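My notes follow in the order in which I looked things up.

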Amino acid sequence: MMKEYHNTSRTHLSKRAYKWVLLSFLLVGALPSFAQENPPVPIEVKVRTARFLNFGKFTLGTAGGNVIVAPNSLRTQIGEIYLLNIGPTVSSAMYEVTANPGTIITISHPDSFMLLGSSGDQILLDNLTYSVPKTFITTAPSTSINEIEIGGTLHIGNISGNGAGSYSGTIAITFIQQ
């Protein structure tokens with residue numbers, strides 16, 4: 001005698017799975033879906049130097065000290081430094097950044113810079129500070145500019161280490177679009 005086997009549970013399971021798949025497609029199709037839209041094209045960031053960092057004129061005593069220019073161009077001193085209100089206007093550096101609104105930009109640069117004086121001496125510039133966070137999101141329309149101001153701290157040694165004169169140097173600031 002020959003027995004015939006028929007697996008009814010397997011057929012029943014397949015029908016159940018089929019119903020769940022069909023129900024899932026119906027539910028997904030009926031629900032609204034959301035996704036992040038593509039960024040506006042072209043994705044382009046332009047940076048222009050609008051103003052240079054200038055610590056103005058000052059003189060020092062025997063011990064030296066620091067001169068600090070904040071991003072809002074406010075100048076202060078620490079130590080035996082005497083700020084003078086003559087000569088060029090004290091200012092923070094200003095960069096004009098043009099980008100699509102919502103662009104994430106990170107400011108990058110070395111930790112410090114050396115400025116060379118007309119006497120051959122050097123002054124350390126570090127602790128750069130910004131009017132925006134180091135990583136920021138542009139908010140101005142792409143036809144407008146985002147003004148980024150950058151200040152810093154000069155470390156001036158004693159009078160025998162930093163002779164009188166004009167000090168200058170190049171500061172490399174990179175704006176990285178993410």
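I began with an open sheet of three strands, ordered β8-β5-β11 and paired in the antiparallel sense; strands here are DSSP runs of E with at least two residues, helices are runs of H or I with at least four, and both are numbered from the N terminus. Two strands count as paired if DSSP finds at least two bridges between them. I noted that β8 (135-137) and β11 (174-177) stand at the edges with a single partner strand each, so one side of each has no neighbour in the sheet. Neighbouring strands of this sheet are turned by 30° against each other on average, direction ignored, with axes taken as lines fitted to C-alpha atoms (for helices over the stretch in contact) and angles between N-to-C directions running from 0 to 180 degrees. Strand β5 (residues 104-108) is joined to β8 by three antiparallel bridges, and Ile104 has Ile137 of β8 opposite.

Before going further I wrote down the basis: this is a predicted model, in which local features need pLDDT of at least 70 and side-chain atom pairs count only at pLDDT 80 or more, while totals for chains, interfaces and linings use all residues. Residues are numbered from 1 along each chain as its sequence is written, and side-chain values use heavy atoms, with hydrogens and water left out.

Which strands pair with β9? I found β2 (residues 57-69) running antiparallel to β9 over five bridges, with Ile68 opposite Thr153. Strand β4 (residues 93-98) is also antiparallel to β9 over five bridges, and there Val97 faces Asn146. For β7 (residues 122-130) I again read five antiparallel bridges to β9, and Asp126 has Thr153 as its bridge partner.

I then searched the whole structure for salt bridges, a side-chain nitrogen of Lys or Arg within 4 Å of a carboxyl oxygen of Asp or Glu, and two were found. In one of them Glu96 meets Arg48 at 2.9 Å, N to O, and this pair links strand β4 to strand β1 (residues 46-51) across 48 residues. Glu96 counts as buried because its relative accessibility is 15%, whereas Arg48, at 47%, counts as partly exposed. Glu149 and Arg51 also meet in a salt bridge, at 3.0 Å, N to O, and link strand β9 to strand β1 across 98 residues. Arg51 is partly exposed at 25% relative accessibility.

Which residues other than glycine have a positive phi? I listed Ser73, at about 70°, in the loop between β2 and β3 (75-84), and Asn127, at about 50°, within strand β7. Asn127 counts as partly exposed, with 46% relative accessibility.

Tyr18 lies in helix α1 (residues 8-30) and counts as exposed at 56% relative accessibility.

Conventions. Buried means under 20% relative accessible area, exposed over 50%, partly exposed in between (1.4 Å probe, protein chains only).
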